[in-house]
Each structure stands twice: as C-alpha cells, then as structure tokens.
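Morning, everyone. Please look at the model on the screen while I talk.

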Amino acid sequence: MKVEKVKQSRWNKDSWRNTEFGSVFSDHMFVVKYKDGQWQKGEIKPYGTINILPSLHSLHYGQSIFEGMKAYKGPKDETFLFRPDQNAKRFNKSAARMCMPEIPEDLFLEGLYELLKLDEKWIPKEASSALYIRPFMFASSNFIKANPSDEYTFIIITCPVQAYYKGEVHVKVESNFTRAAAGGTGAAKAAGNYGASFYPAKKAQENGFQQLIWTDGNHHQFIEESGTMNIFFRRKNELVTPPLSDSILPGITRDSLIKLAEHHGIPCVQEKIGLESLVLAHKSGNITEAFGAGTAATVASINSITYKEEKLSFEVNDDGFANKLKTELQDIQYGRTEDPFGWRITV
Ligand SMILES: Cc1ncc(COP(=O)(O)O)c(C=O)c1O
C-alpha cells in the first residue's frame, strides 16, 4: 500500500477538546478507487481536499453510503476495535442495496488498520473518549444520467471524540414523517436516509425535544428507532426491542446488547412494539426504562417519550438495565474486562 505521510502533524493533545463531535480530523486518510470493474490499489495520504467536478454522480443521485465505528485505547496503551468485521459486512449490505460494488472485507480492514497505526496518537487515552472512524463510499463517475455510476471512491477518515453526554433526553413520537419505508433503504446506512431525517428532527427540536422516535411508514403505529439509535425498553425483568426489518438499521450495539444481556441472564425479546400497548404497559407500571443504543453514545437513557398528548416518563438510575449494560459494554470495548465474546480486536 502506498503511504504518503504528512510533512507536519496537526496533532495537538488538546486542540480537539470542546469542539463539535466529528469536526477535527486526524492527519491521514485511506483512499481506494473502483473503476473498470475492479478495486484499484489503496493508498494512505494526508487528510485533505478531494477534487470533484459539478457532474459528480453522487451529488445528483445519492449513491453514497457510510459506516460509523470507534477505536479505543486500553489500560496498557493498546489500540482496540470493536467487532470491525461487522461494520465491513454491514457496509457491503448497504453497498448492495444502493447498487454499488462491495469492497473486499480485507481491503476495508487492512486500510483501517494501517491508518490507525499511522494516526495512533490521535486516539484519545482518557476513559470514554475514542477515535471515531468514518468509512464511506460515493459514486465518482462524472455524468448526469439516472443510471448507476461506473466509478466509486472509498475513503476512511477519523476524528477524536469525547464521551457523548447531552443531558436529559426527551423524545417525541413522530406520527407524520417517515424515516424509512417498507422496501426502502432504512436497513442500509445510505446518506440520503439521514438527509431526509433532518427536517422532522429539527421540527422536534424546535418544540423542545432532543430526538424523535421513528415509527413504521404504513400507519405510524409501531416503534422502530430513536433518532440514529436502536431502541430498547425494560419490561419487568426483561428487555424488549423491535425485531429487525428492512426499515430498521441492524445496529452492532443492538446486537451486542442483546447478547450481553442474555449472557447476564436478562432475556431480550424481539417483538413489535405498538404505541397504544406501550402507553398501557407504561400506565400499569410494566415498562420502566427506555434507552437508545448506538456507537456514538453506546447506551443513552431516555427520560421521557411524548406520544400525542401523553408524556411517558422513565426511570434513569445508576442500577438500571441501561447503565449496567453500558458499563459492561464499555468495559469490553476499552479492555477493562474479559471479553467472552471475542468482540475486541487488538490493532
Ligand atoms: C439509523 C441508525 N440506527 C441505529 C444505529 C446504531 O448502529 P450501531 O450500533 O451499529 O452504531 C445507527 C448508527 O450507526 C443509525 O444511524
């Protein structure tokens, strides 16, 4: 692999702190192009501008996908990744859905490992900070005909991020706009899914909510996700989460929490969660906790869910399921405990 290093590193131990999530980037990026029906040689080069023309295919037709993952520093300064093969696999599922070429998993992971070795000092050392990793691919042919592109560019960039804490989380059930329709692209990490979610999310924020709960696109009766996280509820001594479908992103945190909970004797039921039955179960005291699960925050407790005129409040306790699972998962990710699942990969 060709490697062109920066002449002068931009790294500074503090300059990225107190900046917006995902706004400071490490020195290098991994780039590999697809053309003439095959992947070319990958290269690492200084993070910097990429030349594009106004006819760039992805700007017009949205063939653009991405992943989100993190690198963590362990107690002995080791560099860890968490289930990176799962991100590579999901990336290729997104690619297939968007009619884009799949990238060999080895190429994805080899580029990532080389980049992390080179930019290792950018991985924050303090507990719960991490290096956020953004692999993405976009259509890079230059024509404006509504056909799939012939050329694609895959890039990995990274950014140091601090612990994700945003205070109380009050969410509203979205009963008008749809994030993902049956048969659509919701199970893929397609850029357009996110672009289309900004307007309803902004409206909810204007009304004092931090996030939205997305519901099914048919009748807005069933809960699907919370913002950019999968959602879980505690029902007595078990967890409940909606089953995967083509309108739900199959979260790696979601899958890990299900396995972790079951490992600790907490059953996790995957069943459709109707809003009317949620309200009834909450009223009868059967549902006591609600939380989101995703790479950025790991686990984020939800303080309240507003549905029509009802505001359902939930418990947020240190000894709740959410906090227990968050601690367990982060201990595995940061190498503070045994990893019976083989999820933690040393770079
Ligand atoms: C829509 C959506 N749902 C769920 C998730 C959680 O997925 P993961 O746990 O793999 O980060 C994400 C974040 O990637 C997301 O964008």
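Start where the domains meet: 20 residues of domain 1 are in contact with 12 residues of domain 2. Contact here means that the C-beta atoms of two residues, placed from the backbone, lie within 7 Å.

This is a predicted model: local features need pLDDT of at least 70, side-chain atom pairs count only at pLDDT 80 or more, and totals for chains, interfaces and linings use all residues. Residues are numbered from 1 along each chain as its sequence is written.

Which elements supply the domain 1 side? At least two residues each come from β5 (64-66), β6 (69-73), β7 (79-82) and α2 (84-97). Helix α2 gives the most, six residues. Helices (H or I, at least four residues) and strands (E, at least two) are DSSP runs, numbered from the N terminus.

By type, this side of domain 1 has seven nonpolar, seven polar and six charged residues. Nonpolar covers Ala, Val, Leu, Ile, Met, Phe, Trp, Tyr, Cys and Pro; charged covers Asp, Glu, Lys and Arg; the others, Gly among them, are polar.

Now the bounds. Domain 1 is 2-161 and domain 2 is 170-333. Those bounds come from an automatic or database domain assignment. The C-alpha centres of the two domains are 27 Å apart.

Next, the ligand. How many residues surround it? There are 13, and the closest are Leu249, Gly251, Thr253, Gly294 and Thr295. A residue is near a molecule if its C-beta atom, placed from the backbone, lies within 6 Å of it.

β13 (229-235), α5 (252-263) and β16 (287-294) each supply at least two residues of that shell. The largest share, three residues, belongs to α5. The shell divides into four nonpolar, seven polar and two charged residues.
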